[in-house]
Amino acid sequence: MKGIFSVLVENRDGVLSAVSGLFARRGFNIDTLAVGETDNHEISSMTITSTGDQRTIDQIEKQLNKNVDVIKVRRLSDAKSVCLEMMLIKVAYNLSNRTPLIEFCQVMGAKVMKVAPKYLLIEYHDEPENVEDFIKAMKGYGIIEIQRTGTIAMEK
Amino acid sequence: MTVTGAEAMVKCLEAEGINLVFGYPGVAIAPFYEGLYNSGIEHVLVRQEQNAGHAASGYARMSRKPAVCVVTSGPGATNLITALATAYADSIPLIAISGQVSSKLLGRDVFQEADMRGATRSFVKHSYLVKDPDDIPRVFKEAFYIASTGRKGPVLIDIPMDVQQAELRKQFHYPEGVIIRGYKPEIKINPIQLKRVINLLDQAEKPLICAGGGVILGNGEQVIREFCEKFNIPLVHTMMGMGVLPKKHPLNFGMLGNNGKPYANKAVGRADLLLVVGARIADRAIPKPEKLTRRAIIHIDIDTAEIGKNVGPTIPLVGDLSEIFAMMLDGDISRKEDSWIEELEEIKTSTVDTRVFSDRLVDPNLMVQKLSEKLDDDAVYVADVGQNQLWSADNYIMKEGRFMTTGGMGTMGYSIPAAIGAKLVAPEKQTVAVIGDGAFQMAMNELSTMRNNNVDLRILLVRNRYLGLVREYQHKNYDSHYEGVKLSDWPDYGKIAEAYGLTYNECASNDELDEKLNWFLDGEGARILVCDVDSENNVK
């Protein structure tokens with residue numbers, strides 16, 4: 001199963017490595033990790049997604065709670081929260097497929113940020129599964145490079 | 001009046017009531033040592049940094065308060081890591097202060113720079129790198145608070161040299177309380193859960209308490225004893241839980257686990273309700289925790305993360321165990337029938353000790369039995385790691401004293417420095433370290449610490465000229481292919497003792513044991529007794 005954690009932490013040096021180290025030490029894999037300051041510059045917010053059985057996900061939550069630099073841990077469920085991911089992707093094109101590619105982006109609400117002679121740089125954000133689907137669709141054109149932010153999530 | 005960072009550090013220790021620290025100085029911590037020089041705090045110089053940590057561990061366990069160890073940057077600090085890991089595994093409250101290179105030089109790999117916060121991350125409860133001298137009072141207050149509350153453990157304070165030298169801009173003020181957003185150890189006991197537990201205990205016909213080291217760390221021995229006696233509930237314990245009840249207490253059914261008593265394990269099998277208290281249920285105590293799940297298990301622990309980690313499903317009750325047991329003492333619980341105790345007593349007597357003591361050299365089981373009979377009721381027994389630890393745990397007749405060992409990490413050489421620490425807390429108590437010849441050679445540098453500080457420690461050295469427990473493992477699992485385990489006949493321990501000005505004796509047969517142990521425990525002054533054990537004499 002998938003666990004989505006929204007974690008408030010002290011915005012200090014070493015805290016990110018303490019939190020990620022906690023996962024590594026217990027053999028828990030981090031699927032995605034997104035970090036940023038909150039409106040209070042002393043506090044950062046992290047969204048961490050991880051996969052594991054019920055016991056693993058429970059242990060992750062408990063171990064996060066034990067960390068002194070962790071202020072609050074919330075476990076989010078897919079149904080009761082909004083999950084988003086943003087992606088920048090460079091997709092190759094040629095004269096024959098350029099128009100359908102641009103049309104596809106328009107339909108999906110993806111934004112073409114730059115048209116280079118051989119590729120388009122596209123920005124796309126959506127629910128994580130849709131981002132996956134978008135990537136699959138781009139594979140037919142030829143993906144040159146991808147940057148993803150990882151999931152950010154918030155309770156509804 | 002302004003003070004320097006180093007002076008502030010000393011003031012913080014004074015405010016915490018610390019009057020003794022264990023350490024090993026170096027340039028990066030020299031300003032703090034100047035502060036110590038001008039204070040009333042005693043410094044015990046160890047001979048290797050790891051032992052500063054172990055000595056502080058013994059001191060903390062005996063005084064039941066956090067103890068302090070101090071090291072310099074780089075190799076001094078990295079040498080301490082094993083001791084921190086040991087204390088962390090056993091939940092011992094330590095404050096480790098390490099010097100660090102100047103803050104301006106951090107990250108440049110200058111002489112004796114080591115990233116201690118990064119290196120110790122998985123072995124400490126929390127760590128600090130202090131970059132501003134004005135943070136010192138708050139950091140120390142928090143460190144002592146974190147180390148000694150909730151599930152106890154070591155806290156590291158890494159302080160760059162320039163921070164120790166700089167003057168505080170503000171007046172020194174030691175805070176009265178702490179505000180840590182992410183650390184709230186006071187757990188309110190869940191009244192519904194407590195009621196459920198009391199109900200289960202009331203209905204149970206064959207309840208059994210399984211007590212771990214957390215009971216001792218939580219100062220819960222007395223209240224659990226009252227609880228057992230009031231409701232006629234028997235108890236088994238882990239290795240770290242030795243001493244919750246005296247060994248000969250009628251409700252104590254011994255140590256469970258791989259290396260424990262068969263009747264203790266059988267008691268676990270017969271119980272209809274298991275009350276696990278302050279124990280991790282790690283592999284050594286219960287190798288197959290999944291087998292336990294067919295009966296009701298109540299798990300009481302201060303650490304939420306322990307619940308369900310190794311055994312489940314359970315009825316959890318999180319909180320301070322002394323508080324919980326005090327509440328349960330007033331609970332509506334029926335006093336258990338004597339038939340349950342009689343059933344266990346019967347198992348105990350039917351699994352009589354059929355062991356025949358080896359007549360080759362000294363039998364280690366007999367040695368521990370005789371030693372514990374002769375020890376004072378309140379003696380402190382520190383067992384090292386290896387066969388000697390298992391012989392000790394199996395045969396030691398616990399009275400009202402303390403049994404200490406490193407159950408979690410199993411760090412060789414722990415006993416001598418830890419016993420030095422314990423003895424410095426309670427010089428009036430008979431203190432014995434029982435150690436094998438492998439571990440002794442890891443820790444014998446501390447004999448001079450012992451001498452320098454007039455620590456009257458009795459060291460019982462179990463000599464079989466092998467790394468016995470590994471040898472035993474190779475015997476059972478690798479067709480007796482003994483590789484890398486032979487210690488040979490060196491050194492001559494009599495000469496080692498002489499070199500350190502210690503009195504010395506050897507015992508090579510069971511017949512001599514009484515006389516030699518009497519010599520060992522009598523009179524004044526630290527001494528070493530070597531007991532020769534046959535290398536073929538295995539734990540099992």
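Domain bounds in this description come from an automatic or database domain assignment. On that basis, the centres of domain 2 of chain B and domain 3 of chain B, taken over C-alpha atoms, are separated by 31 Å. The structure is a predicted model, in which local features need pLDDT of at least 70 and side-chain atom pairs count only at pLDDT 80 or more, while totals for chains, interfaces and linings use all residues. Residues are numbered from 1 along each chain as its sequence is written, chains are lettered from A and ligands numbered from 1 in the order in which they are written, and side-chain values use heavy atoms, with hydrogens and water left out.

Chain B is divided into domain 1 (5–165), domain 2 (191–350) and domain 3 (364–532). Contact, meaning heavy atoms within 4.5 Å, involves 15 residues from domain 2 of chain B and 16 residues from domain 3 of chain B. Between these two domains of chain B, domain 2 and domain 3, an area of about 1400 Å² is buried, with carbon and sulfur atoms giving 58%; buried area is the accessible area (1.4 Å probe) that two parts lose on being put together, summed over both. Two salt bridges are counted between domain 2 of chain B and domain 3 of chain B, a salt bridge being a side-chain nitrogen of Lys or Arg within 4 Å of a carboxyl oxygen of Asp or Glu. The side chains of B:Arg225 and B:Glu400 form a salt bridge at 3.3 Å, N to O.

Chain A is divided into domain 1 (2–76) and domain 2 (83–150), and the centres of domain 1 of chain A and domain 2 of chain A, taken over C-alpha atoms, lie 30 Å apart. The contact between the chains takes 21 residues from chain A and 19 residues from chain B. Chain A and chain B bury about 1600 Å² between them, of which 43% is given by carbon and sulfur atoms. Of the area that chain A buries against chain B, 34% is supplied by A:Lys62, A:Lys66 and A:Val68, more than by any other three residues. Four salt bridges are found across the interface of chain A and chain B. A:Glu42 and B:Arg181 meet through their side chains in a salt bridge (3.4 Å, N to O).

A search of the whole structure finds one cavity of 30 Å³ or more; on a 1 Å grid over the protein atoms alone, a cavity is a set of points where a 1.4 Å probe fits but cannot get out, and lining residues have an atom within 4 Å of a point. The largest cavity has a volume of about 160 Å³, a volume being the space filled by probe spheres set on the points, which are joined across faces, edges and corners. This largest cavity is lined by 15 residues, of which B:Arg61, B:Ile92, B:Ile216, B:Leu217 and B:Arg402 are the closest to its centre.

Conventions. 1 Å grid on protein atoms, 1.4 Å probe; cavity = no way out; pocket = protein on both sides within 12 Å on 5 of 7 lines; lining within 4 Å.
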